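Please examine the sequence and the three-dimensional structure shown here before reading on.

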Amino acid sequence: MAFGALWRLATGAVALTLPAMVVFADPGQAASGTTPVAGTQPSWAVTSADRGSAAASTPIKGRIWLAYQDPAGLARFDREVSTPGNAAYGHYLTPAQFRARFGPTRAEQRAVTSWARSMGLGVTAVTNHYVAVKGSVAQAQRAFSVQFHKFLVKNQLQIAPESTPRVPAALAPNVMTITDLDSAPHQMKPADDLPPPPPNRWTPGPCDKYYGETKATNLPTAYGTSAPWNLCGYTPSQLRSAYGATRSGLTGKGVTVAVLDAYASPTILSDANTYFASHGNAGFASGQFTQNLAPSWNSVSACGNWFTEEHIDVEAAHAMAPDANVVYVGAASCNDNDLQDAMARVVDNHLASIVSNSWTAPEDQETPALRATYDSILQQGNAEGIGMYFASGDAGYNDPATARGAGEGSDKLQVSYPASSPYATGVGGTALAIGSRGNYEYESDYGIFRDPLNSAGTGWTDPLPGTYPADFYQGSGGGTSYAYSQPSYQAGIVPNSLSGTLPNGASTSPMRVVPDVAMDADPNTGMIIGLTATQPDGSTAYSTARWGGTSLATPLFAGMQALAEQAKGAPIGFANGAIYHGYRGHLFTDITTQNPGNPLDFALNWYTNPSTASGPILTYLATTGTDGAGPALLATTPGYDAATGVGSPNYNYLMSFMIYR
């Protein structure tokens with residue numbers, strides 16, 4: 001995946017209209033036959049890309065995911081346990097209770113394992129979720145009654161089933177889906193990078209400590225006045241103050257937040273404590289920060305360096321909830337199967353009640369089978385009172401016409417996953433103006449146009465705010481899902497103009513729209529973080545830099561949820577019901593200004609190479625509040641919108657949870 005929400009509160013049950021979790025086709029076939037497992041063949045495995053049969057000896061691996069008991073009952077339980085006003089609200093299950101009531105049985109595990117071995121496949125792992133297998137193409141073809149071919153994908157040959165894999169009809173009720181039977185990478189990217197520490201992001205300045213502190217009077221005016229300089233990066237105290245956390249007196253005490261990323265920085269704890277001490281805040285007390293790591297790492301060169309992402313997530317969560325416990329959960333890689341294993345560790349061991357996930361990818365990069373497996377883990381977490389929060393991305397509507405959209409591998413306008421899952425809370429972004437006293441002044445949509453200073457230094461290159469897509473830099477991910485029907489918590493709140501229109505402009509029955517909620521994400525108004533980084537001379541040392549993106553918004557909101565759980569005195573669990581109910585109760589700040597006569601704009605200087613603080617200094621005007629253009633526009637409007645969801649949480653949102661004590 002790439003860069004980088006509480007249920008509607010109502011009395012009585014709330015129905016979810018969602019695709020079925022079990023993805024078998026033709027379940028009525030004779031017991032002596034086989035049943036195709038729909039959604040398991042990659043969308044790129046088409047005749048036009050077919051380059052012939054794969055060699056019989058080619059190694060293949062896969063995961064056979066085990067079906068839940070009573071999936072309809074699980075959907076009903078998740079709905080009721082997450083709906084305030086329902087008699088079951090908040091009566092969550094322990095992991096053991098979940099396994100006994102809904103999890104696959106030992107008999108089902110044995111049946112699938114025995115069959116795989118009888119087909120000559122090696123069984124490499126048996127978990128509460130899947131049976132992992134490996135073998136040759138010849139063995140896989142025999143087991144799954146399908147031929148494996150080579151396909152040309154983005155100028156590379158990949159191996160995949162040339163039709164839908166099948167399992168024996170008698171075994172079909174035990175199997176939810178099958179993943180990983182193709183050779184293409186299935187990876188997430190950090191919403192921003194165990195190789196050496198990453199380079200820092202150096203900026204030449206000047207910069208302001210609060211919004212509007214100084215004006216760029218030496219530069220051309222914009223919108224009738226001199227623009228303020230961009231921010232140096234907000235501090236924890238400023239962010240807590242602006243969002244009402246300081247006033248609330250809540251600190252997250254007694255709550256545990258999990259931060260889930262790939263790999264693990266060896267300096268995260270010392271860096272975080274150095275960072276907080278230098279900003280006048282308490283770092284992590286003994287035992288307050290723990291790690292739950294995979295036994296080994298893989299795919300490091302393909303996944304890149306995630307250290308910066310980890311520091312953003314851990315430090316932002318602690319900034320908002322300084323007394324909450326934080327457990328860092330490190331996946332073995334950015335591959336889907338390793339991230340799923342890390343998520344499974346959280347729900348199987350109830351490591352936390354809040355999970356921040358700052359990674360995402362265009363929705364169509366995840367096959368229906370992969371989405372079903374992620375969703376199954378999310379469903380288990382919901383049943384156990386664990387809220388999962390995902391970044392909505394930083395490429396707007398993933399428009400491939402923009403450099404950032406193409407960089408995320410999108411081939412069309414679309415939303416990002418897992419934020420688009422109806423079982424997850426999608427966190428979008430804003431641009432936040434904080435005043436000199438830590439006061440909330442203004443919030444705009446996080447959608448940035450960057451206009452360069454012209455060569456004469458007399459004006460900005462393009463008419464303001466800039467031309468699309470050339471000057472579009474990045475923006476909060478959002479929009480309408482192709483994959484998921486509208487969940488009931490969004491019914492009556494999300495406008496039909498959004499839920500009823502697909503990204504390609506086609507009309508549809510109501511669909512899921514993201515994000516659900518938003519917080520500060522614009523890099524120009526981001527948070528300063530501290531980490532051990534590679535210096536321009538190649539050495540390593542502790543450094544600070546300003547970072548943003550929905551990679552920041554997500555852990556900030558996870559921290560706010562820790563405060564809300566402290567106020568409630570109990571886990572919130574899947575939060576979308578409370579979020580949409582809170583919208584009706586005016587517990588969120590509605591982000592409405594779409595760059596009319598009063599935009600948030602900033603002057604900024606930028607090194608040509610920010611990693612080495614070298615090259616000519618480039619000067620830009622950054623204008624926020626416009627997230628795309630034309631069909632790719634994610635507009636902020638009064639009420640729910642696809643740029644900022646229901647808006648940003650505030651003091652009243654936190655205090656509202658006192659009523660559930």
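Predicted model: local features only at pLDDT ≥ 70, side-chain atom pairs only at ≥ 80, totals over all residues.

Residues are numbered from 1 along each chain as its sequence is written, and side-chain values use heavy atoms, with hydrogens and water left out.

Helix H14 spans residues 550-568. Helices (H or I, at least four residues) and strands (E, at least two) are DSSP runs numbered from the N terminus. The 19 residues of H14 reach 26 Å from the first C-alpha to the last, close to the 27 Å expected at 1.5 Å a residue; the expected span is 1.5 Å times one less than the number of residues. H14 is mostly covered, as 19 of its 19 residues are buried. Here buried means under 20% relative accessible area, exposed means over 50%, and partly exposed lies in between (1.4 Å probe, protein chains only). Just after H14, Gly-569 adopts a positive phi of about 80 degrees.

Helix H9, residues 307-320, has 14 residues and extends 20 Å from its first C-alpha to its last, close to the 20 Å expected at 1.5 Å a residue. Because 14 of the 14 residues of H9 are buried, this helix is largely enclosed by the rest of the structure.

The largest nonpolar core contains 88 residues, of which Leu-239, Met-320, Met-519, Phe-557, Met-560, Ile-579 and Tyr-653 touch the most other members. H14 gives the most to this core, with 10 residues. Apart from it lies another core, of 36 residues, including Val-327, Ala-361, Ile-377 and Tyr-423. A nonpolar core is a set of buried Ala, Val, Leu, Ile, Met, Phe, Trp, Tyr and Cys residues joined through side-chain atoms within 4.5 Å.

How many disulfides does a search of the whole structure find? The search finds 2, a disulfide being a pair of cysteine sulfur atoms within 2.5 Å. Cys-207 and Cys-232 form a disulfide with their sulfur atoms 2.1 Å apart, and their link is right-handed, with 100 degrees about the S-S bond. Both Cys-207 and Cys-232 lie in the loop between strand E11 (189-190) and helix H5 (236-242), so the pair ties together parts that are 25 residues apart in sequence. Cys-207 is partly exposed, with a relative accessible area of 35%, and Cys-232 is partly exposed at 23%.

Cys-303 and Cys-334 also form a disulfide, with sulfur atoms 2.1 Å apart; the link of Cys-303 and Cys-334 is left-handed, with -85 degrees about the S-S bond. Cys-303 lies in helix H8 (residues 300-303) and Cys-334 in the loop between strand E14 (325-331) and helix H10 (336-349), so this pair ties together parts that are 31 residues apart in sequence. Cys-303 is buried, with a relative accessible area of 4%, and Cys-334 counts as buried at 0% relative accessibility. With bonded cysteines counted along the chain, the disulfides follow the pattern 1-2, 3-4.
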